[in-house]
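Good morning, colleagues. I shall take a few minutes to go through one model, and I would ask you to keep it in view as I speak.

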Amino acid sequence: EEVETWFPDTRQRIHVNVFGIDEGQHREIQRFRANIYELHGYLRQEKILASANHMFQNYRMRNSPRQYFEEMLRMFDVFEVKNGAMASQHNRLIEDLMAVVQEKRGAVSLVAGSDAHTLSPLARVYTVAEAETPAQFLERVREGTCFVWGSEMGFRVLLSDVYRMVFRYYGSVLDWKNPDF
């Protein structure tokens with residue numbers, strides 16, 4: 001599940017994926033999602049695997065880039081470095097930053113996500129790990145014994161896909177053959 005949360009002091013928005021949760025945890029996450037620090041505390045307490053998604057997509061200089069990046073590193077061990085709906089330049093920037101982090105601290109896991117709000121980006125990028133069950137897969141991600149693969153669709157293709165869906169919808173709702181239209 002992707003959760004939208006905020007830094008309380010700057011209202012900086014961030015998206016976090018949470019994995020392997022149940023209905024009760026989902027409800028609790030909704031209670032804590034307005035404050036990233038409270039959400040982070042709950043996720044740690046429950047040992048819920050979570051990733052920081054498309055880390056700079058919503059960054060708006062509400063705090064220094066260094067402070068923002070350090071806060072993210074303090075809270076997360078798993079980072080999305082390949083997002084199917086993001087520009088490849090954004091993905092490469094995050095992947096390069098995380099490579100430096102891995103060299104210095106070692107303990108980060110890198111994942112991919114389609115960020116699919118339409119059908120086209122589904123499974124264009126993905127996380128690969130050797131596992132026989134979903135629980136084993138999540139454990140491999142937690143350990144960092146996984147890798148990302150695939151190619152992003154980019155903003156232009158995503159926008160084109162959204163417009164195509166809008167036109168299909170209105171075509172199905174409106175009677176295009178009606179001369180009074």
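Predicted model: local features only at pLDDT ≥ 70, side-chain atom pairs only at ≥ 80, totals over all residues.

**Two loops and a helix pair**

Lys47 sits in the loop that runs between helix 2, residues 36-46, and strand 3, residues 49-53.

The backbone at Lys47 deserves attention: its phi is near 55°, a positive value in a residue other than glycine. Lys47 has a relative accessible area of 65%, and because the threshold for exposed is over 50%, Lys47 is classed as exposed.

A second residue belongs in this part of the talk. Arg11 is located in the loop between strand 1, residues 2-6, and strand 2, residues 13-19. Phi of Arg11 is near 60°, again a positive value in a residue other than glycine. Arg11 has a relative accessibility of 43% and therefore counts as partly exposed.

I turn now to the helices. How do the axes of helix 1 and helix 2 cross, and within what distance do they come? The axis of helix 1, residues 23-32, comes within 8 Å of the axis of helix 2, and the two cross at roughly 155°. Since angles over 145 degrees count as roughly antiparallel, helix 1 is roughly antiparallel to helix 2. Their crossing is right-handed.

Which residues make this contact? From helix 1 come Gln25, Glu28, Ile29 and Phe32, and these meet Glu38, Leu39, Tyr42, Leu43 and Glu46 of helix 2.

Thank you for your attention.

Technical notes
Residues numbered from 1 in each chain as written. Heavy atoms only, no water. Helix = DSSP H or I, 4+ residues; strand = E, 2+ residues; numbered from the N terminus. Buried < 20%, exposed > 50% of the residue type's maximum accessible area, 1.4 Å probe, protein only. Axes fitted to C-alpha atoms, helices over the stretch in contact; angles between N-to-C directions. Parallel < 35°, antiparallel > 145°, perpendicular 65-115°, else oblique. Left-handed = near helix turned anticlockwise from the far one by under 90°. Contact = heavy atoms within 4.5 Å.
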